[in-house]
Amino acid sequence: MSALSGVGVGRGIAAAKVLKMPEPLAPPSDEPLAGDVDGEHERVRTALQAVADELNARARIAGGDAQQVLEAAALMAQDPAILDDVRARLERGINAEMATWGAYAAFREMLTAMGGYMAERATDLDDVAQRVVARLRGVAAPGVPLSDEPFILVARDLAPADTATLDLEKTVALVTQEGGPTSHTAILARSKSLPAVVGVVGLLAAVAEGQRAIVDARAGTIELDPDDAAVAAAGAERTARQSAASAPITPGALADGHPVPLMANVGSPKDTAKAVELGAEGVGLFRTEFLFLDSDTAPTVEQQTASYTELLAAFPGKRVVARVLDAGADKPLSFLNDAHEENPALGLRGIRALRASEHILRDQLTALANAQAATEAQLYVMAPMIADAEETEYFVSLGRELGLSTVGAMAEVPSIAVVADQVLEIADFVSIGTNDLTQYTLAADRQLGSVAALQDPWHPAVLRLIKMLGDAGARAGKGVGVCGEAAADPSLAVVLVGLGATSLSMSATALADVRAELLTVTLEEAKARAERVLTARSAVEARELAAAS
C-alpha cells in the first residue's frame with residue numbers, strides 16, 4: 001500500500017474504487033475555414049444554445065446554490081458578445097472550433113485581469129468552451145463518469161457544471177491534483193459534506209482507473225491498494241462518523257466545557273433555514289451583497305430593511321454578524337466603483353469605496369438599524385477591509401450615530417493586526433476574514449492558479465497575525481471571531497481557538513465536523529497546539545505539528 005498527500009477538506013473518510021475524470025479536449029486545429037461564414041456562424045450559434053439549454057436543465061435539477069452556479073454558466077454560453085467575436089474570427093478565415101475557442105480565451109483573459117471574483121468566473125468559461133467545442137465536433141464533453149457502484153472521483157480539477165450535479169449516492173470522495181483549501185472544489189466538498197483531498201502533486205500519473213483507494217480527509221491522504229482490513233476499518237470509521245453527525249446538536253465547546261460558538265456564513269435570507277437545521281448558533285457572516293450585485297442602482301432603505309429583517313427574525317436572541325457591502329476589486333458596481341483600476345484588489349474596495357459614497361453606506365446602516373429594532377436578534381455590524389484605527393473610528397462612529405448598538409471591524413488587511421490594540425479600543429469586536437488576510441499577507445491572488453500553493457491559512461505568517469488579534473482581543477475583553485474558510489477546517493479550528501478566536505463561522509455543512517473536533521481537546525491543549533504550530537516555517541510543517549499532537 002502506498003499513499004499520496006495533499007490538503008484535506010473536512011474529517012471524513014471513504015474507501016472505494018477510483019474513477020478518473022477525462023482530460024480536457026485537445027485544442028482545435030488551425031486549419032482554415034472550410035464552409036461559408038453564415039453557415040458556420042449558425043452552427044456555432046446552435047451549439048451555444050444547446051449548451052445553454054443543457055446547463056439550465058442541470059440547474060433546475062440541482063436547485064439551491066448549485067442552480068445559481070449553473071445558470072451563470074448558461075449565461076456565458078448566451079452572451080451575444082461571444083457570437084460577435086466568433087463571427088469576426090470566421091470572417092478572417094478561422095475555422096468554427098478555433099474561432100469559438102479563441103473568443104472564449106479572449107473573454108477569459110479579460111476576466112482574469114480583473115482578479116478576484118471575476119477571475120474565478122473566468123475558470124468557469126473553460127468548461128463552457130469545452131462543451132461548445134465538443135458539440136461542434138459531435139463528441140461527448142468531458143464530464144463526471146457514470147457508475148453503478150460507489151467511487152472516488154479523481155481529477156485534475158473540477159468545473160462548477162460537474163461538481164454542482166454530482167451524484168452523491170455514488171460519489172463518496174473527491175481528490176484533485178490542483179486546487180487549494182479555498183478552491184471551488186474544496187468549497188463544494190464542504191458544502192456537500194464530501195471527504196476530499198486537493199492539491200495532490202503527481203496524482204494523475206500515480207493513480208489508475210479502477211484502482212482501490214482510501215481517502216482520509218483528516219489526514220490529507222489517499223492510500224492506494226489498501227488491503228481488506230484497512231478498507232473494513234475505513235468503513236467502520238465512516239459509519240461511526242455518520243452516526244455521530246446524526247446525534248443531537250449541542251452548542252460548540254471544547255472538551256473542558258469552554259464555549260466556542262459555532263455560527264454559519266450565509267449569503268441571503270434563504271440560507272437561514274438550512275443553517276438553523278444544521279445547528280448554527282447564529283450567523284457569523286451575513287454577506288449583504290446579494291441585494292446590490294445584480295442591480296444598476298443601490299436598493300432603497302425600505303428594500304434593505306425588509307431583507308435584513310427576514311434574516312434576523314430567524315435568529316431570535318442569537319448573534320447575527322452583518323458585513324456591510326463589500327464592493328470593489330472583484331465585485332465592481334456601476335453605481336459605486338466601476339472605474340478601471342490597474343490593480344483593483346489593492347484599490348477602491350470595501351470601506352474605502354463606501355467612504356467615497358457615504359450616502360450608500362448611510363442607507364445600509366439605517367436599514368440594518370431598522371431591522372435590529374424590529375427583531376430580537378443580537379445584531380453585530382462590521383465593515384470590510386478595515387486597515388487601521390482611523391478607519392475603525394470612522395465606521396464605528398457612523399454606525400452608532402445611526403442607531404446600531406454593536407459595531408466592529410473585519411480583519412483582512414495585515415495592518416489591522418499590527419495595530420490591533422488601537423482598533424480594539426474603538427471597535428466592539430473584530431472578525432477575521434482568513435481568505436483575504438492570507439491573500440494580502442502573502443501577496444498571492446487567491447484566484448490565481450500559479451500562486452495557489454501560497455493561498456494557505458496554515459502559513460505561519462497568517463497564524464501569527466491571528467495570534468496578534470486574539471491577544472489584543474483578550475486584553476480588551478472583546479470578541480475576536482473567525483469567519484473565513486479556515487474556520488471550516490476542523491484541525492485548523494482547534495488551532496484558531498488556541499490563538500484566541502472566541503467564535504467560529506463557516507459553511508453550515510462544516511459545523512458538525514468542527515463541533516466534533518473541538519470536543520477532542522481542552523482549552524489548554526488547544527493553546528499548546530497553537531504555540532507549537534507558531535514555530536513552523538511553512539504551512540506544510542504547521543499542519544504536521546498540529547497533527548503530531
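Colleague: Does R137 count as buried, partly exposed or exposed, and at what relative accessibility?

Modeller: In this predicted model, R137 counts as partly exposed, because its relative accessibility is 29%. The side chain of R137 meets that of E97 in a salt bridge, with 2.9 Å from N to O. R137 belongs to helix α5 (residues 116–137) and E97 to helix α4 (residues 96–114), so the pair ties together parts that are 40 residues apart in sequence. E97, for its part, counts as buried, because its relative accessibility of 18% falls under the 20% limit.

Colleague: How many salt bridges does the structure hold, and which parts does the pair of E517 and R218 tie together?

Modeller: The structure holds 27 salt bridges. In the one between E517 and R218, the closest N and O atoms are 2.9 Å apart. E517 sits in helix α20 (residues 511–518), whereas R218 sits in the loop between β7 (212–216) and β8 (221–224), so this pair ties together parts that are 299 residues apart in sequence. E517 is buried, with a relative accessible area of 3%, while R218 is partly exposed, with a relative accessible area of 39%.

Colleague: Which helices hold E401 and R362, and is E401 buried or exposed?

Modeller: E401 forms a salt bridge with R362, and the closest N and O atoms are 2.9 Å apart. Helix α14 (residues 389–401) holds E401 and helix α13 (residues 358–374) holds R362, so the pair ties together parts that are 39 residues apart in sequence. E401 is exposed, its relative accessible area being 52%, and R362 is partly exposed, at 29%.

Colleague: Which residues are linked in a network of salt bridges?

Modeller: E289, R323, D326, R349 and D436 are linked in such a network.

Colleague: How should I read the nonpolar core, and which residues have the most contacts inside the largest one?

Modeller: The general idea is that in soluble globular proteins nonpolar side chains tend to be buried together. Here the largest nonpolar core has 91 residues, and those with the most contacts inside it are F395, L504 and L518. Helix α13 gives the most to this core, with seven residues. If its neighbours within four places in sequence are left aside, L518 is in contact with A253, L254, A255, V260, L262, A493, V494, V497 and L504. There is also a second, separate core of 28 residues, which includes A47, A59, L83 and L136.

Colleague: Where does T100 lie, and what is T100 in contact with beyond its neighbours within four places in sequence?

Modeller: T100 lies in helix α4 and is buried, with a relative accessible area of 0%. Leaving aside those sequence neighbours, the residues in contact with T100 are V44, V86, V132 and L136.

Colleague: How is the packing of two helices described, and at what angle do α19 and α21 pack?

Modeller: Two packed helices are described by the angle between their axes and by the distance between those axes. Helix α19 (residues 490–498) and helix α21 (residues 523–533) pack at an angle of about 95°, and their axes are 7 Å apart. That angle makes α19 roughly perpendicular to α21.

Colleague: Which residues of α19 and α21 meet, and how do they divide into nonpolar, polar and charged?

Modeller: From α19, the residues V494, V495, V497 and G498 meet L523, A526, K527, R529, A530 and V533 of α21. The residues of this contact divide into seven nonpolar, one polar and two charged.

Technical notes:
Residues numbered from 1 in each chain as written. Predicted model: local features only at pLDDT ≥ 70, side-chain atom pairs only at ≥ 80, totals over all residues. Heavy atoms only, no water. Salt bridge = Lys/Arg side-chain N within 4 Å of Asp/Glu carboxyl O. Helix = DSSP H or I, 4+ residues; strand = E, 2+ residues; numbered from the N terminus. Buried < 20%, exposed > 50% of the residue type's maximum accessible area, 1.4 Å probe, protein only. Core = buried A, V, L, I, M, F, W, Y, C linked by side-chain atoms within 4.5 Å. Contact = heavy atoms within 4.5 Å. Axes fitted to C-alpha atoms, helices over the stretch in contact; angles between N-to-C directions. Parallel < 35°, antiparallel > 145°, perpendicular 65-115°, else oblique. Nonpolar A, V, L, I, M, F, W, Y, C, P; charged D, E, K, R; others polar.
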